[in-house]
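Let's take a walk through this protein together. Keep the sequence and the 3D view open as you read.

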Amino acid sequence: MTKLMNTSPAGLMLLILLGLVGIVASLFLGLVASTGYYLFIIFGGALCFAMLMGLCAIAFRWPIRHIIFSGIFGLFFFINIIQARLGIPIYPLWQLAVIGIGSLGMYSLYRATLNSRLLLSSFVAFVVFMLIAFVSSFGHGVIFKAAAFQFISDFKLPLAIAFGLFWATKLSTRDYVEKLIWPYIGLALAFLLLQWAWPSGYMTVMNVGSIAEEVTSFLPSPGKSLFSHPSILAGVSAAFAIYYLSKWQVKVEKDRSNFFKFILVAFLLFASNQRQEIFAFLLVAIGLYIIKDNQQLAKRIFIAGTISIVLGIVFFLLYEEAFKREIGMWGIDTYRRSTHPRAQLYEGAELLAKSYFPLGSGLGTFGGVGSMKYDLLQYYKLGFAYEWWWNRYEAYLLDTYWPNSIAESGFFGAFFLLLHYLLFAAYLVRRTFKAATQRLRLNWLIAAGSFSWILLVTPTSPGFQELLILFLPGIFIANAIMDERKYHAALNSDGIDTKVATR
């Protein structure tokens, strides 16, 4: 992909300059970090990063587009380490880069939307949801900053896909996934083993005060590895597991390592011990087996049903104690009220939807990143400040996805948002069945699987509000859309009619 510079005097001077800039940049960032002003740190970090990337582009003759994408893609895995060790809030900067570049790819997403009735219907449902949420924000004393922040957050899914579409027109993002999978597996396993074998050393390296205790008997602790939370390790590993499981089932090229890669990333997913993420992956894996081709569907459905029963029994036996404990916390098998934060968030959302019927309480008021950052009023009104978990509310308020739309846009808005996701999932599954080639089928299978996994975890996960979880699926979906477009463009150039190809 790239060619190293030669050993000419000019090349050596560039390499020396690169090292000097790296040293100066480190000193500069250390000085800026000591001020404690996040704005200075972000802009200082961006300036140093841009200088280093520019010098790398010159010294190693790398195209600028590869430098930028490599930087964003690489930072994706190291955000937590940089923030933990250096105290630099790199996540907002990374998120801003993805959202900003994603806005440049929105026209490509718009073009794809016009080529499919299902995708257009999905987009219309999303627009209706956003209109309801927007209208509901007037007259309720909504804080503008909170509403604006939530408005942008609600667009993270289309922006993540648009980000992938923007880059898919300029380079092969698929190559980056293939080249970085082994480094990811190696680093993730190394940090996971450090966490389990030497917890105190892990806490020192990651600059954390504690590690969550394991409630089951088969893991030392919930795996976090490189990331700030086990759910992020689960999300990244699930995306890779779906990618390589699909490649193993739809054999476009002969690569015996696909199954081995799948086993390793699946292990990382299970090491996270996130029950909902693991269960969602099992459902997706069964679904991928069913829709991987159009032949012998009845037979595969029967086999999948049998496997589902077995896996369901095993899953329940592994987590039986956890289920029994949480059922009581949700207030299901007792006369006492619920004490689980997720249950209380759902109850609060339902109460707000009824209180502000029919349009909800407005953007940035409950259950989302906008309200968590800028407006806690509704939480205090609901009495959450008296709950056992409130002193660590930032760890719980985004612990589930749907209370946000139920509260802020009412039952009608939440219905249209769910319709949007279901129609989008139907579009991806339909494209899998209608794929003209094995390569296209593989791309759509990966896209359908990675999107469905996020949708399945939303009842107990931030889901579509977390860009770290959306990042890889957005790239996978964009690859499928772009490859389909290129395929039909090639057919059109040969004079073949493709009017109904993407319906």
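Leaving aside its neighbours within four places in sequence, which residues is phenylalanine 69 in contact with? Contact here means heavy atoms within 4.5 Å, and the answer is Phe163, Trp167, Leu171, Thr173, Tyr176 and Ile475. Take Tyr176: its C-alpha atom is 9.3 Å from that of phenylalanine 69, though the two are 107 residues apart along the chain. You'll find phenylalanine 69 in helix H3, residues 64-86; helices are DSSP runs of H or I with at least four residues, numbered from the N terminus. Phenylalanine 69 counts as buried because its relative accessibility is 0%. The scale goes like this: buried is under 20% relative accessible area, exposed is over 50%, and partly exposed is in between, with a 1.4 Å probe and protein chains only.

A quick word on ground rules. This is a predicted model, where local features need pLDDT of at least 70 and side-chain atom pairs count only at pLDDT 80 or more, while totals for chains, interfaces and linings use all residues. Residues are numbered from 1 along each chain as its sequence is written, and side-chain values use heavy atoms, leaving out hydrogens and water.

Now for the rings. The whole structure holds 55 aromatic pairs, meaning rings of Phe, Tyr and Trp (its six-membered ring) with centres within 6.5 Å; planes under 30 degrees apart are stacked, over 60 edge-to-face, and the rest tilted. Tryptophan 388 and tyrosine 396 are edge-to-face because their planes meet at 75°, with the ring centres 5.8 Å apart. Tryptophan 388 is partly exposed at 48% relative accessibility, whereas tyrosine 396 is buried at 16%.

Phenylalanine 451 and phenylalanine 464 make a tilted pair, 5.6 Å centre to centre with 40° between the planes. Phenylalanine 451 belongs to helix H20 (residues 438-457) and phenylalanine 464 to the loop between H20 and helix H21 (467-493), so this pair ties together parts 13 residues apart in sequence. Phenylalanine 451 is buried at 1% relative accessible area, and phenylalanine 464 is buried at 2%.

Finally, look at lysine 170. Its charged end sits over the ring of phenylalanine 166, 4.8 Å from the ring's centre. To count, NZ of Lys or CZ of Arg must be within 6 Å of the ring centre and within 35 degrees of the ring normal.

Technical notes: Helix = DSSP H or I, 4+ residues; strand = E, 2+ residues; numbered from the N terminus.
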